[in-house]
Amino acid sequence: MRERAQLVICGAGIAGISAAYHLAARHRVQNIVLVEERAPLTLTSDKSTECYRNWWPGPGDAMVKFMNRSIDILEELARESANVFHMSRRGYVYATADPERIDALRRAGQEAAELGAGALRVHPGPDAYEPLTPEGFENKPVGSDLFTDPALIQKYFPYLDEKIVAVIHARRCGYFSAQTYGMYMLERARECGVRLVNARVEKIDTRGGRVRAAHLNNGAVIETEMLVNAGGPFVGEIGQMLGVALPVYSELHTKIILRDDLGVTPRDTPLLVWLDPQYIAWSEEERELFAEEPETRWLLERLPSGVHGRSEGRAGNPYFLLQWTVRHDPVSPTYPIPLDAQFPEVTLRALSTMLPGLKKYFGRLPALVMDGGYYTKTQENRPLIGPLPVEGAYIIGALSGYGMMGSSAAGDLLAAHVTGKKLPEYASAFLLSRYADPAYRELLKTWDQSGQI
Ligand SMILES: Cc1cc2nc3c(=O)[nH]c(=O)nc-3n(C[C@H](O)[C@H](O)[C@H](O)COP(=O)(O)OP(=O)(O)OC[C@H]3O[C@@H](n4cnc5c(N)ncnc54)[C@H](O)[C@@H]3O)c2cc1C
């Protein structure tokens, strides 16, 4: 069977769906086919922790501008849909028990302010602190609030451990039901004519150096002059079909959702992020046991910072999400993803350093679900959005651990590239062609801040 499309999008995760939505609903591009071999949003995009933030490091302000634009669009969609995807803005709270880290926190707040994330307020200080309100996203502070007085930290965040010496509360951040947001955009895109085809793109015809057709595993051939690679963990494979090598790799990230029947976790948390590397507290018996086996010895080592968690949504909901990644080695994505049986206990213990209420579950984990997926990313943890060096081919990918929050600006940017509209300032920071610039390659050698948690 042969058919024709104006444009084919390969992959209906959040990237492909946002591209379809922005092209069809906002730019009125006709005859778009969205090809997806699974059910939409079910590979990586329904595994996220569903958080967003405009709090991103440099170099440069591209990531902050990109995320501010993304959050602007998310808010527009939340308003027009009567907040069907429950967008809230409780913030991210980064905490440390190490006095030597306080200056770094202050510098991070100042840098974020300079890059456009909003002013830093230090407490106690001239500005009053506005505590978070759990629901909604309108009329809330931006920027960040830094506390270095343990009494104030306990006053505003009484569930945090008493040994914490500093926290910074980043404000244009929060969470939302990312799956509902994705389905909302997919429905709007379909109303505007986007056709969803359940099949795998197996081959792309690029005779003469331009996109000509997508060949599907059901035998269908879609003739087209434009194709968008939105393959998530498989962007590299789709790149190969186009004859383009993409500088991406994948890391496995796992999370757990536990049912807190003992009620030890607070309900209205921001996202809680622990900034200190740590040794996990095990009993003497456990230590001896772990030391015996090569597969468990790592549990006794100094483990990295970054464990994070949050309450799941609204009052009366007993669920709490925890996420941490101890190993960041590049891996080939395989499904079902490998799950480590030790992950729930070790992650719960790691977050208990920040949220001591969790200690009640040591050695007797509650009912929980473990899942996860891959952060597919570039070396410097910035996305790839824009044209590829084959005429008519585009990419919206390498969205790493920020694809839900960044997808609105990513789809918006991709649509501007495809339709030839004015590009935002940050567009060049996300082009594949940036790697051809010797000055950029030089910058990469000393690029040590990825902003990843
Ligand atoms: C544990 C975890 C927590 C996370 N937390 C957050 C968070 O809090 N906030 C946030 O913003 N982001 C978060 N992320 C990141 C976010 O989930 C991803 O960046 C995002 O889902 C990537 O979307 P995608 O559309 O690029 O990929 P995917 O969702 O994987 O979609 C790609 C789609 O392409 C399809 N596909 C691939 N190849 C083909 C082919 N040849 N033919 C047809 N279809 C094909 C696949 O079936 C898939 O459905 C998290 C990720 C993980 C794993």
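Into which domains is the protein chain divided? Good morning, colleagues. Before I answer, please note that what we are viewing is a predicted model.

The chain falls into domain 1, which comprises residues 2–50, 178–248 and 379–445, and domain 2, which comprises residues 92–173 and 250–375. Taken over C-alpha atoms, the centres of domain 1 and domain 2 lie 32 Å apart. Where the two meet, seven residues of domain 1 are in contact with eleven residues of domain 2. On the domain 1 side, the touching residues comprise two nonpolar, four polar and one charged.

I turn next to a pair of helices. Helix H2, residues 62–80, packs against helix H9, residues 403–419, at an angle of about 95 degrees, and their axes are 7 Å apart. H2 and H9 are therefore roughly perpendicular to each other. From H2, the contact involves Phe 66, Met 67, Arg 69, Ser 70, Ile 73 and Leu 74, while H9 contributes Met 405, Gly 406, Ser 408, Ala 409 and Asp 412. Six of these contact residues are nonpolar, three are polar and two are charged.

Finally, let us consider helix H6, residues 235–242. Is this helix mostly covered or mostly uncovered? H6 is mostly covered, with six of its eight residues buried. The buried residues are Val 235, Gly 236, Ile 238, Gly 239, Met 241 and Leu 242. Among the elements covering them are strand E2 (7–10), strand E11 (201–205), strand E14 (227–229), strand E19 (368–377) and strand E21 (393–397). Just after H6, Gly 243 adopts a positive phi of about 80 degrees.

Thank you for your attention.

Terms used: Residues numbered from 1 in each chain as written. Predicted model: local features only at pLDDT ≥ 70, side-chain atom pairs only at ≥ 80, totals over all residues. Axes fitted to C-alpha atoms, helices over the stretch in contact; angles between N-to-C directions. Helix = DSSP H or I, 4+ residues; strand = E, 2+ residues; numbered from the N terminus. Parallel < 35°, antiparallel > 145°, perpendicular 65-115°, else oblique. Nonpolar A, V, L, I, M, F, W, Y, C, P; charged D, E, K, R; others polar. Domains from an automatic or database assignment. Buried ≥ 20, exposed ≤ 12 C-beta atoms within 10 Å, placed from the backbone.
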